[in-house]
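Please look through the sequence and the model shown below before reading on. The paragraphs that follow lead through the pockets, the core, the fold and some individual residues.

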Amino acid sequence: KYMIVFSNGKEEEIMKKGIICFFVFILMILGTVIPVSTTVVSSTTPHPLTVGNTLYVGGSGPNNYTKIQDAINDSSSGDTIYVYHGTYHEAITIDVEKLRMIGEGREVTIIDANWTDTVVVIDKSGVTLSGFTIRGDKNGIDIEAYLTDITISNTNITENFYGILCAYDWDITGLVVENTIFYSNDIGIYLVSWYETGVNTIRDNTFINNIYGMDLGGTNNRILNNTFVKNRGNGMFLFGESSTVEGNIFRENLGGLKLGGSDHTVTGNIFIGNNVGLVVDGSEHRITGNLFENNSCGVFVDTAFHTMVNQNNFLQNEHHARFAERNQSHGNTWDNNYWDDSSSFLGFALIFGKMETRIKKILQFDPYSTVYYWMPWINVDRNPAQEPYEAPMRQE
């Protein structure tokens, strides 16, 4: 406790200046500790990439689940369930939206329903499933009606009747199946959707040694860069409308691709070593830019109409192409294809087949339809290519 006395009588003025300096000093200290207002706002804003919780199944963690279904039952929308390697003998139902089911690896994380039931039922939209082997007896993965944005990837689906089943004549929108191997199933994928749908994409998968690789209906589907090999029936049967089949390989199947419905585009595919590479039914398809090589029959146009077959390569097939048309007015067009050893006449490539006449058979065994005689017929490619086209390339 001291008092300073100034002889000049200015004690009061100096004390005021000291108080002002003291407050300035305090404000400077606070400025280094407390952020400005814009920083305070940003620090309290939630991070845009915030995701849900992760639940673990298997492994050695202290709180890990032993059953996948128990983890699903305790999960919420947006969560991730990570499943460590092992064989899980259970049938599961995914009934949580936007749930991510991730296996440690498709060769080592196996869900096996013991040959008694559907292995995985997906009952909510936004589900992702990746990194498993799905093995059962009835169905591998059953996707319920009216769901959207389902992704199945990096998975083995084997020894099921249906590998993936979507079969209720109901909309499935935004389904993506990619980088998945389907082998030793009766049918790899069976997807039926007759209504207007969003785009469903089947890409970069392998279908091997199934009875049928895939039966696919609906509209606006995209089938890209898949491999169908050694399936005992058709590699793929496509019906419905307005789908694209591009960049696929069909090799050593009984039938490569069977095409029905209408308005499909088949382009940039390779058909090699099949009994029949491509069977075309339905109408208004575009078959362009494909390679047909070493098949018993490259293309068989089976009662299709208003279909264009152009700019394809036909190489070393036993029969490049055959057809069966119900009448000459069906208007299928063959144009600008390359035929390596086709019969020709006056510069035209000749395609041999048969056409239905309007002469009724004498014996009619079906009271609900009339059977007519057929007669040999020839279609022509009036502008065959003189050199083969470049081999089709897979799409990115």
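Residues are numbered from 1 along each chain as its sequence is written, and side-chain values use heavy atoms, with hydrogens and water left out.

The volume of the second largest pocket is about 170 Å³. A pocket here is an open set of points, on a 1 Å grid over the protein atoms alone, where a 1.4 Å probe fits and which has protein on both sides within 12 Å along at least five of seven lines; lining residues have an atom within 4 Å of a point. Grid points are joined across faces, edges and corners, and the volume is the space filled by probe spheres set on the points. Of the 13 residues that line the second largest pocket, H319, H320, R322, S342 and S343 lie nearest its centre. Two or more lining residues come from each of β34 (319-325) and β38 (348-360), and β34 gives the most, with four residues; helices (H or I, at least four residues) and strands (E, at least two) are DSSP runs, numbered from the N terminus.

The largest pocket has a volume of about 240 Å³. It is lined by eleven residues, of which N332, W334, N379, V380 and R382 are the closest to its centre. The elements β35 (333-335) and β39 (372-381) each give two or more residues to this lining, and the largest share, four residues, comes from β39. By residue class, the lining of the largest pocket divides into four nonpolar, five polar and two charged.

Strand β38, which contributes to the lining of the second largest pocket, also contains I351. With a relative accessible area of 1%, I351 is buried, a class that means under 20% relative accessible area, with exposed over 50% and partly exposed in between (1.4 Å probe, protein chains only). Beyond its neighbours within four places in sequence, I351 is in contact (heavy atoms within 4.5 Å) with A321, R322, F323, W334, W339, W377, I378, N379, V380 and D381. The C-alpha atoms of I351 and A321 are separated by 6.3 Å, although these residues are 30 apart along the chain.

Turning to the core, the largest nonpolar core has 65 residues, and those with the most contacts inside it are I94, M101, V120, I141, I143 and I164; such a core is a set of buried Ala, Val, Leu, Ile, Met, Phe, Trp, Tyr and Cys residues joined through side-chain atoms within 4.5 Å. Helix α3 (residues 68-73) gives the most to this core, with three residues. Apart from neighbours within four places in sequence, I94 is in contact with I72, L99, M101, V120, V121, I122, D123, K124, V127 and L129. In soluble globular proteins, nonpolar side chains tend to be buried together.

Most residues other than glycine have a negative phi. E252, in the loop between β24 (249-251) and β25 (255-259), has a positive phi near 60°, and at 37% relative accessibility E252 counts as partly exposed. L346, in the loop between β37 (344-345) and β38, has a positive phi near 55°, and at 70% relative accessibility L346 counts as exposed.

Over the whole protein chain there are three helices and 39 strands, and buried residues make up 46% of the 396 residues. Among contacts between residues at least 6 apart in sequence, 43% join residues at least 24 apart. The mean pLDDT (the predictor's confidence in each residue, from 0 to 100) is 86, and 83% of the residues reach 70 or more. Over residues 1-17 pLDDT stays under 50, and the model has four contacts beyond four places in sequence for them. Residues 19-50 also have pLDDT below 50, with one contact beyond near neighbours in sequence. Where pLDDT is low, the predicted coordinates should not be read in detail.

Terms used:
Predicted model: local features only at pLDDT ≥ 70, side-chain atom pairs only at ≥ 80, totals over all residues. Nonpolar A, V, L, I, M, F, W, Y, C, P; charged D, E, K, R; others polar.
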